Amino acid sequence: MRIAMLLAALALSAAGGAGALEIHLPPETATYKPSELPGYQLVQRNCMTCHAAQYASSQPPASPRAYWEATVRKMKKPFGAQFADEDVPAMVDYLVKTYGAERGAATALAPVAKPAAVAAVPAAAASGKDVKTLLAANGCMACHAIDQKVVGPGFAEVAAKYKGKDGAAAVAANIRNGGAGKWGPVPMPPFSQLSDAEAATLAKYVLSR
């Protein structure tokens, strides 16, 4: 009995000394199917901050509009997704026409072009929107803070990484194009609905932190 207890103690000691297994997941590369429907941009912006695009494609293909509406509203409450109530109808329309029972009613898919990097310019006047309006309208502060990581990196960390003469152009391009793998496993959705001037305004703000 004493020998058995000694062997058990040795086994526990060896298990406790083993290092934890570290797993590195590949960056997220899946995207939502591009569409001319207005809900496409809203889904890109509002959904990919919390889960992968495969979530939509894995839903039952015959799922009706009511199913998608219930799913979208569930993400907002109780799960706390940060998007406006007025976004819901367009998001549901895109999802049901792209992944659900109304797929035949979807409009033609629009080709996704990679926007060219933009030069840093004082763009608040050119875009007609100040930086606070742009931050609020695009939900930037739902995923970012000034000096700490939330879902994405803090603006101060981004500013430190892209410090230099070409930094503003790179940050503006990243805002419009989105990306994955630079700051962790959660991808940043593209904000291609922003004009070059609006993206430059946001980039200038981020780099000034």
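Which are the buried residues of helix α9 (residues 167-177)? They are G167, A168, V171, A172, A173, I175 and R176. Buried here means under 20% relative accessible area, exposed means over 50%, and partly exposed is in between, using a 1.4 Å probe and protein chains only. Helices are DSSP runs of H or I with at least four residues, strands are runs of E with at least two, and both are numbered from the N terminus.

Before I go on, a word on the model. It is a predicted one, so local features need pLDDT of at least 70 and side-chain atom pairs count only at pLDDT 80 or more, while totals for chains, interfaces and linings use all residues. Residues are numbered from 1 along each chain as its sequence is written, and side-chain values use heavy atoms, with hydrogens and water left out.

Back to α9. The cover over its buried residues includes α8 (155-161) and α10 (196-207), where contact means heavy atoms within 4.5 Å. After α9 comes G178, and its phi is positive, near 70°.

Next, salt bridges. Side chains of opposite charge can pair when their charged atoms come close. The rule used here asks for a side-chain nitrogen of Lys or Arg within 4 Å of a carboxyl oxygen of Asp or Glu. How many salt bridges does a search of the whole structure find? It finds six.

Start with R65, which is partly exposed at a relative accessible area of 29%. D93 is buried, with a relative accessible area of 17%.

R65 also meets E102 in a salt bridge, again 2.8 Å from N to O. E102 lies in the loop between α5 and α6 (124-127), so its pairing with R65 in helix α4 ties together parts 37 residues apart in sequence. E102 counts as partly exposed, at 27% relative accessibility. A network of salt bridges links R65, D93, K97 and E102.

Another salt bridge is formed by D85 and K76, with the closest N and O atoms 3.8 Å apart. D85 is partly exposed at 47%, and K76 is partly exposed at 27%.

Last, the cysteines. A disulfide is counted when a pair of cysteine sulfur atoms lies within 2.5 Å. How many disulfides does this rule give? The count is zero. As for burial, C47 is buried at 12%, and C140 is buried at 16%.
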